[in-house]
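Please read it alongside the sequence and coordinates shown here.

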Amino acid sequence: MVVHVGLLPLSSSCLPSLPRLPRLSSTKHRTFAMAVVSEDPVREWILSEGNATQITRISPVGGGCINRASHYDTDAGSFFVKTNRSIGPSMFEGEALGLGAMFETGTIRVPKPFKFGPLPTGGSYIIMEFIEFGSRRSNQSVLGRKLAEMHKAGKSEKGFGFEVNNTVGSTPQINTWSSDWIQFYGEHRLGYQLQLALDQYGDGTIYEKGQRLVKSMGPLFDNVVIEPCLLHGDLWSGNISSDNNGEPVILDPACYYGHSEAEFGMSWCAGFGGSFYSSYFEVMPKQPGFEKRKDLYLLYHYLNHYNLFGSGYRSSAMSIIDDYLRMLKA
């Protein structure tokens, strides 16, 4: 989704090492401890578990419109903090679990999450590692290789889904576990967005045609072995950067375990080039029918943008649906 908070101001092209700190609890057990609400839980954590004795400066960070972001400088290093005054901790729980799962693969760099919890006056916060971004874009070849390594390393024995529901942009993303990828993608990705379009706009045409596609899309996956891979879930240019060493960094995830190809669903707004795909497929070989499925994964994000931002994205979604209905003779 193309409106996100980043760690530093983001490009509008499409619309430091920290001291060793205590780790959050394992994502496997979903025991990221939520803070007991105090007057200032962010300050309290930084000056206790964050090992700081003094906060020297708090600076606002731009780049998004969903959350407020701040950079905390301390005598124990820097922290990045996001707050939201109207949404409870469940949103940041999803982000913390996603960042933690990606971090644990030891592949591509992501901000390490430290703490999330409620704010005393309502809303919530998340504290994470602050990464100083470099001045140049990440190397496309390295980005492709490291993303593929994350997909290869991040596996789930529970099937397709995630530990919690989360959000893609501000849209709820349902992650109920399923052993069947086609069923999961049809129901919890396309089906959910189609229902939103019907409820929000009364768009019976896109709903009816979209449901026909959902019921008919099985042949697009013939002769494909689909394993649950850990996905960032919202990988567009605003959620991709590089650190001071030029290493790629990805942030603001909407993580779940899914078909690796679904990661390219925001490619229309990510700027992936030939070197990215070449390096990616060296690690994760291209599967039969890849080209025929590409637009199916774009569709989820076009539908989400239609539901979030209005009719400007409807024609793109409708065109993809119509093309598939002709292809599948559905």
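1. In this predicted model, helix H7 is followed by Gly 310, which has a positive phi near 100°. The helix itself covers residues 290–309, a run of 20 residues. From first C-alpha to last, H7 reaches 29 Å, close to the 28 Å expected at 1.5 Å a residue.

2. Helix H3 (residues 140–153) packs with helix H6 (residues 274–283) at an angle of about 30°, and the two axes are 7 Å apart. Angles under 35 degrees count as roughly parallel, and H3 and H6 are therefore roughly parallel to each other. The crossing of H3 with H6 is right-handed.

3. On the H3 side, the contact with H6 is made by Gln 140, Ser 141, Leu 143, Gly 144, Arg 145, Leu 147, Ala 148, Glu 149, His 151 and Lys 152. H6 contributes Ser 275, Phe 276, Ser 279, Tyr 280 and Val 283. Sorted by class, the residues of this contact are six nonpolar, six polar and three charged.

4. Helix H4 (residues 181–201) and helix H5 (residues 204–216) pack at an angle of about 165°, with 8 Å between their axes. Because angles over 145 degrees count as roughly antiparallel, H4 is roughly antiparallel to H5. H4 passes H5 in a left-handed crossing.

5. The H4 residues in this contact are Gly 186, Leu 190, Gly 191, Leu 194, Gln 195, Ala 197 and Leu 198. Those of H5 are Gly 204, Ile 206, Tyr 207, Gly 210, Gln 211 and Val 214. By class, the contact of H4 with H5 has seven nonpolar and six polar residues, and no charged ones. As background to such contact lists, an α-helix has 3.6 residues a turn, so residues three or four places apart point the same way.

6. Which residues surround Ser 70, leaving aside its neighbours within four places in sequence? Ser 70 is in contact with Ile 58, Ser 59, Pro 60 and Val 61, and also with Phe 79, Phe 80 and Val 81.

Methods:
Residues are numbered from 1 along each chain as its sequence is written. This is a predicted model: local features need pLDDT of at least 70, side-chain atom pairs count only at pLDDT 80 or more; totals for chains, interfaces and linings use all residues. Side-chain values use heavy atoms; hydrogens and water are left out. Axes are lines fitted to C-alpha atoms, for helices over the stretch in contact, and angles run from 0 to 180 degrees between N-to-C directions. Helices (H or I, at least four residues) and strands (E, at least two) are DSSP runs, numbered from the N terminus. Angles under 35 degrees count as roughly parallel, over 145 as roughly antiparallel, 65 to 115 as roughly perpendicular and the rest as oblique. A crossing is left-handed if the near helix is turned anticlockwise from the far one by less than a right angle, and right-handed if clockwise. Contact means heavy atoms within 4.5 Å. Ala, Val, Leu, Ile, Met, Phe, Trp, Tyr, Cys and Pro count as nonpolar, Asp, Glu, Lys and Arg as charged, and the others, Gly among them, as polar. The expected span of a helix is 1.5 Å times one less than its number of residues.
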